[in-house]
Structures are given as C-alpha cells and as structure tokens.
Amino acid sequence: MNQANIIETIDMIEKEHLDIRTVTMGISLLSCIRGTADETARAVYDRVLTKAENLVGCVHALSREYGIPIVNKRISVTPVSFLTAAFPEESGKIALALDRAAGELGVDFLGGYSALVHKGTAEFEEKFLSTIPETLSSTERLCASVNVGSSRSGINMNAVRRVGELVKETAALTADRDGIGCAKFVAFCNAVEDNPFMAGAFHGTGEADTVVNVGVSGPGVIRHALSFAPEADLTSAAEIIKKTAFKITRAGELIAREAAKRLGVSFGIVDLSLAPTPSRGDSVAQILEELGLETVGTHGTTACLAMLNDAVKKGGVMASSRVGGLSGAFIPVSEDVGMIEAAEKGAITVDKLEAMTCVCSVGLDMIAVPGDTSAATVSAMIADEVAIGMINNKTTAVRVIPVPGKRAGDEVNFGGLLGRAPVMPLHTGSAEKLIRRGGLIPAPIHSFKN
Amino acid sequence: MRAVVTVSGEDRRGIIAAVSAFLSERDINILDISQTILGGRFAMVMLVDVGACPKPLSEVAAEAEEMGNRIGMSVRLQHEDLFNVMHTV
C-alpha cells in the first residue's frame, strides 16, 4: 500500500476535477431496418431500451465503487441515414423514437442522427439531411453529425454547401434558445466510428454489435502536475504530461473494462481526450497558460497545444492497448473558462483557433458567431476546417452556432456543460462563389497508398 | 476483494474507533493501517478486505461517506484497483 499514490489519486479527484467524462454505449441498429418507418422506429426503440437497460445503473455503481465521478452516460447508434434509406423523408420518426428511449433510460445524450457523405450524397441522404434542423429543434437528447470529407476521398463540397444551410436553418428553428440546436450538430472530416464524445458520436458499421467506449478527461490534473515544475524545459514538461495522461487513461480503461464486463458487451476503446468544462481549474486553455503563455491565443499557442496533444497521446497509448475515438486535447470555446476569457478580451480569434485545430484532436468547436452570418460563410468555415483534416490525415470538425439576433461582442449563455461564450467576429469577405461551385475537391496525393 | 479507506479532517478523539466499528459491523477486515497527524489534520489510509461483507461495494461506499459526514470527517471507501492501475505500468 503506497500512501503517496493513494493520496495523489484522491487529490486528483477531489481537487483537480479528475473524472471519467463519459461512458458511451455503442449499439448497432442495422438489424432494426423494417419495411416502414413506423415499424423501424418501434424496432429501434425496443432495441435501444433492451441493450442499454442497465447502462445508467451500472455506471452509478461503478462510480460509487471506484470513487471516481462519471459525468455522462451516453449512447451512440448506427448512422440513422442507413436505417431510413427506403423512407428518408420519415427519418424524423426514428429520431423521436431514439429521443424517447434516451429519455426513458436517463442517458444524457444519444448520438448518431448522422450521414456519411464524404464522397457523394445519395438521393436518400439528401432527403435525410433535410430532416436534421427539424429533428434537432424537436428533440432533447439527440445529436446529429455529417461527415463531409476524408483524406481518402476528398471533400464533398455539395455536402459542405448543404450543411452550411442546415446550420442556419437549425439556428433559426431554435432561435428562442439562442440557436442551441447547432450545439447538437457537427460537421466532420475523417469522422471516427468509435467516438464516445458528443455531438459527433455514432456507432460505425465496422464496429461490433454493442460496445462500451469510455472518454476520460482531466485537464486540471495535467495543469496541476505542471505547476510543480514551473521552470522545467519543454522536454521535461512533455514527460510530466505523458506520465499524467498515463494515469488518467488507466482509470478510464479500468472503468471501460468493468462496464463492458458487467453489461455483457464488448470493450470498445478508451478515448483519452482532455475535455474541458466551464469550471475553473478544468480548462485546456489554462494548461497552455501554465506552460508559459500570458493568455491562450497569443503567439506560441499552437506550439504549446501541439506538444500537449502529442504528449497526451503518448501517455495514453502506453496506458491502454485499446485507444481510439478522438484522443487528444479539445478546444471548445464556450466550454472552457480560459478560452471564454481569452475570447472576451479579444486575445483569441477564429483564425488562431483554426491554426490550433491543425495540431489538436478535433476542430472549431462551440464557437458562437454573429446571427447574420450567411450559410455560405458557415460552409466556407467548414470547408477550411475539413481541408485541414484531409491534408493532415486527422479528424477535424466544426460546431458553430450563428446566434440569431446577436452581433460580435454580445454574450450568449447555453447553460450547463455547454457554457457561455462571447459572439466572435468573422471575416466579412464573401465566399459565396466558391461555395456555389460545388463538386468534389479531389483526394490529396498522399491518399494513394495502395 | 480489497478496498482502500481514506479518512481525513480535523483531529479529535474517537476517529479510528468510529471507522473501525463501521467496518467491523459490515464484516470488513482491516489488513493495513497508516495514520498520521499533519498540522492538526488527521490523515489515515487503510487497506481492507471486503470479501466477507454481504453488501455490494457501491452501497458500503455510500454508507462510509454518510458515516464520515456524521463524524465530521471525509471518509472514502474505494475499490483498490483504481489505485493499482493508475500507479503501476
């Protein structure tokens, strides 16, 4: 019994916000496809209720037994567009069944109202995409995502154009709640099939029937560990981050293994992401500041984030043989107190955030933009971000909220884990013509690896 | 199955007695104790065997926390694997 190790773990939990961010059960719904939307909705509802019946209770028990908070219980499902290919206009019926099942089970979110259109959009997928705004405005817990590009296939610019319009429509339909529907909608490049985090989680078709994926977190723990070595050079700082990420990931793996065993399903992956919350001390931005930046967003931010992201991956990979998902550092603006403060004082801009997404685990996340931002501008932001993912062989994503009626500098409060954010200014030059062109941006040369 | 009990708070009489009675009432056997006072603060770590305890660990953990609240101390009872996996390669 090593007392120092025990006290270190307890301090991480009690003082540094160490938690398991999510236990997400991935459920294949391919066996639920029936001849009509109503029959499919019934089958989907029954299967989700049966498979995830014990999820919430099991997670509560694990949290108690191991004495570590588990913040979210979630479900991801097969992209719904696959289930409704024969009746895409009626996809909303599946959405309502899923939302109802999620509510009855007491899970926080259910992801997978999704379509994968990175190379082209089939007619049924066009129709499915059109149901997204209404679905997001009429459901509570359902999250939607669209994969519009990949390093292997290029960028489907027709889909990029359409997603920009969908973001605007979703904002308009949820205007009474500051466009919050957009917080449940993400556009991806290189979307992963085993992501436990929302809004982008879905259960890929290459996955086992039912799996448990766990997302760990703990930016506060990393920052705290670094605070003991204020003068360490960056090699030593990377080592500290690596060792700390190892410990955090181990805790996640323990929970994932145990949850999978008790629920009688496969152990999927541990996603070793640093996911901030709006609580002070639970911030990725503050890690970067601990490393020596006066404020996140200033020169040097990208270098710090690159080191952080890489060291987190190295520590995590050593800790578990089943690492997956997004794995790295998240930089959502409204969910990270350090980011919020930097945005409020104008220290961080959308351009700098875009640069940061070249080296972090995902992309432009939870950014409030002016309500009069055009659909073409949203599409152009998505195109830029997807291009970064395509060329760099990484996942990138865009989750922006054009807040109806708000202008740059106004503040918007989404509440809870979604946090608050100042509305950030965007460039005003039009990309209308580029977006109107449509077509496919061809796959990059380095995609031809066979 | 083994668990780790940690107790911390302001030092006073009867803490070990209260914690030991709590464990004994639930057929939990103490395997190792390490206790110290640092600047008036009581800190104790116990390794215990919960194999004979008839209740599920999650329930005992919740009861331990409640007992801690009653005696004005922070008391945690956790499965030992959390500490093992985090601190060994």
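Chain B and chain A bury about 2300 Å² between them, and 67% of that area is on carbon and sulfur atoms; buried area here is the accessible area (1.4 Å probe) that two parts lose on being put together, summed over both. This is a predicted model, in which local features need pLDDT of at least 70 and side-chain atom pairs count only at pLDDT 80 or more, while totals for chains, interfaces and linings use all residues. Residues are numbered from 1 along each chain as its sequence is written, chains are lettered from A in the order in which they are written, and side-chain values use heavy atoms, with hydrogens and water left out.

Let us start where the two chains meet. The contact (heavy atoms within 4.5 Å) takes 23 residues from chain A and 25 residues from chain B. Eleven residue pairs across this interface are in polar contact, both residues being at pLDDT 80 or more; a polar contact is a pair of N or O atoms within 3.5 Å, where within protein one must be able to donate a hydrogen and the other to accept it, and residues adjacent in sequence count only if both atoms are side-chain atoms. On the side of chain B that touches chain A, α3(B) gives the most, with six residues. That side divides into 13 nonpolar, eight polar and four charged residues, with Asp, Glu, Lys and Arg counted as charged, Ala, Val, Leu, Ile, Met, Phe, Trp, Tyr, Cys and Pro as nonpolar, and the others, Gly among them, as polar.

There are also two salt bridges between the chains, each a side-chain nitrogen of Lys or Arg within 4 Å of a carboxyl oxygen of Asp or Glu. One of them joins Glu65(B) to Arg64(A), with the closest N and O atoms 3.0 Å apart.

Now look for the aromatic rings. Over all chains, the whole structure holds two aromatic pairs, meaning rings of Phe, Tyr and Trp (its six-membered ring) with centres within 6.5 Å; planes under 30 degrees apart count as stacked, over 60 as edge-to-face and the rest as tilted. Tyr113(A) and Phe128(A) are a tilted pair, because their planes stand at 35°, with the centres 4.6 Å apart. Both Tyr113(A) and Phe128(A) are buried, that is, under 20% relative accessible area, whereas exposed is over 50% and partly exposed in between (1.4 Å probe, protein chains only). Phe197(A) and Phe330(A) pair edge-to-face, 4.8 Å centre to centre and with 80° between the planes. These two residues are 133 residues apart, so to speak linking distant parts of the chain, and both Phe197(A) and Phe330(A) are buried.

Conventions:
Helix = DSSP H or I, 4+ residues; strand = E, 2+ residues; numbered from the N terminus.
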